[in-house]
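Student: I'm new to this one. Please walk me through it.

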Amino acid sequence: MNDIFDEMATRWESPVVARSGVKRFTGGGISPKTVANADSKGIGPEDRFLIGRRVCYPVSSLIKWLRKNSRSFS
């Protein structure tokens, strides 16, 4: 059974998420600034890279980071 993170990855149109697109990727749940701050502390998503001057993440790395930094209210 898929969870919400699997669904996010499935619905995204690319294997890459630019940091500026994190807000849209998460439905407004996380801002690009939050991810930038985590990156600067060395605790952001793994495998970030640049395309031009934009920081980008593989969807799989961003999903892994979101899983690690999320909690449920069940």
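Tutor: One term to begin with. A residue is buried under 20% relative accessible area, exposed over 50%, and partly exposed in between, using a 1.4 Å probe and protein chains only. The model is predicted, so local features need pLDDT of at least 70 and side-chain atom pairs pLDDT 80 or more, while totals for chains, interfaces and linings use all residues. Residues are numbered from 1 along each chain as its sequence is written, and side-chain values use heavy atoms, without hydrogens or water.

Student: Okay. Is Leu 62 buried or exposed?

Tutor: Leu 62 counts as buried because its relative accessible area is 0%. Leu 62 belongs to helix α4. Helices here are DSSP runs of H or I with at least four residues, strands are runs of E with at least two, and both are numbered from the N terminus.

Student: What does Leu 62 touch?

Tutor: Leaving out residues up to four places away in sequence, Leu 62 touches Val 17, Val 22, Phe 25, Pro 45 and Tyr 57. Touching, or contact, means heavy atoms within 4.5 Å. Leu 62 and Val 17 are 45 residues apart in sequence, yet their C-alpha atoms are 7.9 Å apart in space.

Student: Which other residues in α4 are buried?

Tutor: Besides Leu 62, the buried residues of α4 are Val 59, Ser 61, Ile 63, Trp 65 and Leu 66. The buried residues of α4 pack against α1, β1 (16-18), α2, α3 and β3.

Student: And the largest nonpolar core, which residues touch the most other members?

Tutor: That core has 15 residues, and Val 17, Phe 25, Leu 62, Ile 63 and Leu 66 touch the most other members. At least two core residues come from each of α1 (4-11), α2 (22-25), α3 (32-40), β3 (54-58) and α4 (59-68). The largest share, 5 residues, is from α4. A nonpolar core means buried Ala, Val, Leu, Ile, Met, Phe, Trp, Tyr and Cys residues joined through side-chain atoms within 4.5 Å.

Student: Let's zoom out. How many helices and strands are there?

Tutor: The chain has 4 helices and 3 strands. Their pattern along the sequence is α-β-α-α-β-β-α. Of the 74 residues, 32% are buried.

Student: What about overall size?

Tutor: The C-alpha trace spans about 40 × 25 × 20 Å along its principal axes. Among contacts with a separation of 6 or more, 48% link residues 24 or more positions apart.

Student: Back to single residues. Where is Asp 39?

Tutor: Asp 39 is in helix α3. Asp 39 counts as buried because its relative accessibility is 7%. Apart from residues up to four places away, Asp 39 touches Arg 19, Gly 44, Pro 45, Arg 48, Val 55 and Tyr 57.

Student: And is Lys 33 buried or exposed?

Tutor: Lys 33 is exposed, at 62% relative accessible area. Lys 33 also lies in α3.

Student: What about Asp 47?

Tutor: Asp 47 is exposed, at 51% relative accessibility. Asp 47 sits in the loop between α3 and β2 (49-51). Its phi is near 65°, a positive value in a residue other than glycine.

Student: Which residues does Ala 18 touch?

Tutor: Ala 18 touches Val 55 and Cys 56, not counting residues up to four places away. Ala 18 is in strand β1 and is partly exposed, at 21%. The C-alpha atoms of Ala 18 and Val 55 are 5.9 Å apart, though 37 residues separate them along the chain.

Student: Last topic. Which residues line the largest pocket?

Tutor: The lining is Gly 42, Ile 43, Gly 44, Pro 45, Glu 46, Arg 48, Ser 61, Lys 64, Trp 65 and Lys 68. On a 1 Å grid over the protein atoms alone, a pocket is an open set of points where a 1.4 Å probe fits, with protein on both sides within 12 Å along at least five of seven lines; lining residues have an atom within 4 Å of a point.

Student: What is the volume of the largest pocket?

Tutor: About 180 Å³. Volume here is the space filled by probe spheres set on the points, with grid points joined across faces, edges and corners.
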